[in-house]
Amino acid sequence: MKKRILLKRPGVLVCAVMLLTLISTPVLAQEYTAKDLNEQLVMGTLWYQRSAEMRALSYQAFNMARLVFDLDLQKGPSSKTRAVAVDIDETVLDNSPYEAGLVGMDYGYPKGWDQWIYAARAEALPGAVEFLRYVREKGGDVYYISNRKDKFHDATVRNLKKLGFPQVDEDHLLLRTSTSDKAPRRNRVTSNHNIIILMGDNLNDFDNIFRGKAMNVRMAAVELMKEHFGSKFIVLPNPMYGDWEGAAYSYNWGLNDKEKSDTRKKALITWNLP
Ligand SMILES: [Mg+2]
C-alpha cells in the first residue's frame, strides 16, 4: 500500500530521502566546548589518583626532604631557626577530586573551586603530614606559602588541622593577599629563619626566575639551578594543571577552549612515521 503511494507521488519519496539524510548526518560544525577540553584531564587525573607511581613519588619527595633536613641537622646549631616552606595545593593537599569533577562537565576552573575549598575535603599527600611533624619534633618551623586567596583562610585551616598538619596558625599560614608572587612571603620567612627546604608542584614555589617565563626559558632556568633540585628544592608532580600549562599559552589564559586544545597539541614534540 505504502509502496504504491510513493511510486505514484515521487515528491513524497524525495522528501522522505532528504529527511532520512538529515537525521543520519551529524551536525558538521559542532562547537568545541569546555566539556571537550575537560576530556584531556582524564589521563593526568587518573594517573594522579590511581597510579601507585604517584603515591611512590610522593613518598620519595617527603623521604628526600627528610634526608636533606637530617643532613642539615648534623651541621649542629643553626644561626637562625631552621624552616621548611611548603606550598599547599598539590604539594601537601590533594585536590584531584575537583579536577576529576570537571570531566564530563561543560565548564572549567574556577567554577566549583570555591565550594571545593569550603568543603575542606582534600586529603593529605602521602608522607606530607609525617614529614612536617618530624620537622617540628626537631625544632624546625613549618611555613605554608600558598596562593589560595585569603577568603579561604578558615577553610584551609580546617582542612589542614583535620589532617594533623603542624603549625596551622596565623604566623605560619601565608596565603595570597595582594600578589601571587611568593617571593615577598619567602623573604619574610628568611628574615628570621634559615629555609632548609622549599617544596612545591610549581616552579614559582621555589624562585621568581621561573615566574611568567616562556617554556624554553623555564627549561633553561631549571638547567641553571639544577644543583638545587633534590637538595633545597623538592618538586611534587602535577600533570593536571600549573604554570607549565600557562607557559604553553604564553600565559594567555583568555584563549577559548578550542584554542587551548590546539595550542597544547601544537606544543607537542612529535615525529612523523616515515
Ligand atoms: Mg601548588
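Which strands does helix α10 lie across? Helix α10 (residues 183-190) lies across β1, β4, β5 and β6. The helix runs at about 145° to β6. Axes are lines fitted to C-alpha atoms, for helices over the stretch in contact, and angles run from 0 to 180 degrees between N-to-C directions. Helices (H or I, at least four residues) and strands (E, at least two) are DSSP runs, numbered from the N terminus.

The model is predicted: local features need pLDDT of at least 70, side-chain atom pairs count only at pLDDT 80 or more, and totals for chains, interfaces and linings use all residues. Residues are numbered from 1 along each chain as its sequence is written.

Five strands form an open sheet in the order β5-β4-β1-β6-β7, with parallel pairing. Two strands pair if DSSP finds at least two bridges between them. β5 (173-176) and β7 are the edge strands. β1 and β6 run parallel and are joined by six bridges. α5 lies across β1, β6 and β7, at about 165° to β6.

Beyond its neighbours within four places in sequence, Val84 is in contact (C-beta atoms, placed from the backbone, within 7 Å) with residues including Phe69, Leu132 and Ile196.

Terms used. Contact = placed C-beta atoms within 7 Å.
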